[in-house]
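Subject: Structure for your review

Dear colleague,

Please find below the structure that I am handing over to you. My findings on its ligand site, cavities and pockets follow.

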Amino acid sequence: MERRPRRNRRTAITRGFLQETVVQTSNLVQPFFLVDGKKIKDEVKSMPGNYRMSVDHALLEMESCLKLGVRSFILFPAVADKFKDKFATYSIDEANFYLKAFETFKSKFGDDVCLITDVAMDPYSSDGHDGLVQGDTILNDASLPILGEMALAQARAGADIIGPSDMMDGRVGYIRETLDDNGFEDVGIMSYTAKYASAFYGPFRDALDSAPKKGDKKTYQMDPANKREALLEAELDYMEGADYMMVKPALPYLDIIHILKENFNIPIAAYNVSGECSMLTAACQNGWLDYNKAMPEMLTSIKRAGADVIISYFAKSFAELKQKGIVE
Ligand code: PBG
């Protein structure tokens, strides 16, 4: 045999030469579920180890993430039913605890943290949809001003990056223009470019109690069978001014991450979503998988596929393993 690939794998040192992908803590974004109130730390049943937190707890948690080098956070609100309505008006309410949370975090940490928002109507909507509902239809253009105002309120509250997760057509351009018109040209947009109508969001909807009251999200989120459609969404987001393009979920869509990375020269983000986190956690709790190995392998595969930024419920935990020297 002239070619023996195993020769290069014989020792740890030469295996080090071969290593193509290394996940760094700086690649990771930690999601937080926020609730109104004080001293609340309420575990999400379908996501062991993840909590709905009031801002006081979230501050402590943020501090402990910062010590480990996790400095980016994506924040989601769990809103009480009494504040939900058809037009998601609470999303821009001055009393909205979610907006206040950005102010609190930013006044404490400034640019030591990067804070990403969620723009979509579902956490605030009595219909549980990402856009405005009329009968059985999710209205596109009528949703844009609502999403634009939501993004503007978040920028005013101090957010670094706006995260439209709603999948309405034209919303990236609409939000960009709204931000620019109001002097927020330095606030970025991380667009959920290829967001699939996936079953893997189940635990997240438990966490926020945000499941659609009627129907599903297939008229705006993408069919899991499609790849070319992701390229179309990416072209539009690129033209509309997105700073990052996200693929969501991550693991079942590594090919999508790859194709966006190959075709566009802006950073690619991947969202390792709630269901991916829950399935790994469940298998590990059963003793079926070795967490310290399987979890980093999962994140490595997402980076190898082409993600520059990885949003993962395991961000902090990964940083801990790294600090302890359990992962390289
Ligand atoms: C809301 C939103 C969802 C997620 C992020 N933003 C759920 C949905 O579209 O139903 C899912 C995140 C996760 O599952 O971790 N628009």
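In what follows, Ala, Val, Leu, Ile, Met, Phe, Trp, Tyr, Cys and Pro count as nonpolar, Asp, Glu, Lys and Arg as charged, and the others, Gly among them, as polar. By these classes, the lining of the second largest cavity has 5 nonpolar, 1 polar and 1 charged residues. Please note that this is a predicted model.

The second largest cavity has a volume of about 30 Å³. Its lining consists of Tyr201, Phe204, Lys248, Tyr271, Val273, Ser274 and Tyr313. In total, the count comes to 2 cavities of 30 Å³ or more.

The volume of the largest cavity is about 100 Å³, and 14 residues line it, with Asp122, Lys195, Phe204, Lys217 and Lys248 lying nearest its centre. Strand S9 (188-195) and helix H6 (202-208) each contribute at least two residues to this lining. The lining of the largest cavity comprises 5 nonpolar, 2 polar and 7 charged residues.

An N or O atom in the side chain of Arg205 is 2.6 Å from an oxygen atom of the ligand. For the side chain of Lys217, the corresponding distance to a ligand oxygen atom is 2.8 Å, and for that of Gln221 it is 3.0 Å. Taken alone, the ligand exposes 400 Å², and the protein buries 100% of that.

The largest pocket has a volume of about 590 Å³. It is lined by 19 residues, of which Gln19, Thr21, Val22, Thr300 and Glu328 are the closest to its centre. Helix H1 (12-18), helix H10 (291-305) and helix H11 (315-323) each supply at least two lining residues, and H10 provides the largest share, 6 residues.

The second largest pocket has a volume of about 330 Å³. Among its 18 lining residues, Gln30, Pro48, Gly49, Asn50 and Tyr313 lie nearest its centre. Strand S1 (28-35) gives the most to this lining, with 4 residues. By class, the lining of the second largest pocket has 10 nonpolar, 5 polar and 3 charged residues.

Yours sincerely

Key. Residues numbered from 1 in each chain as written. Predicted model: local features only at pLDDT ≥ 70, side-chain atom pairs only at ≥ 80, totals over all residues. Heavy atoms only, no water. Polar contact = N/O pair within 3.5 Å; in protein donor to acceptor, adjacent residues only side chain to side chain. Areas by Shrake-Rupley, 256 points an atom, 1.4 Å probe, with all protein chains shown as cover. 1 Å grid on protein atoms, 1.4 Å probe; cavity = no way out; pocket = protein on both sides within 12 Å on 5 of 7 lines; lining within 4 Å. Points joined across faces, edges and corners; volume = space filled by probe spheres on them.
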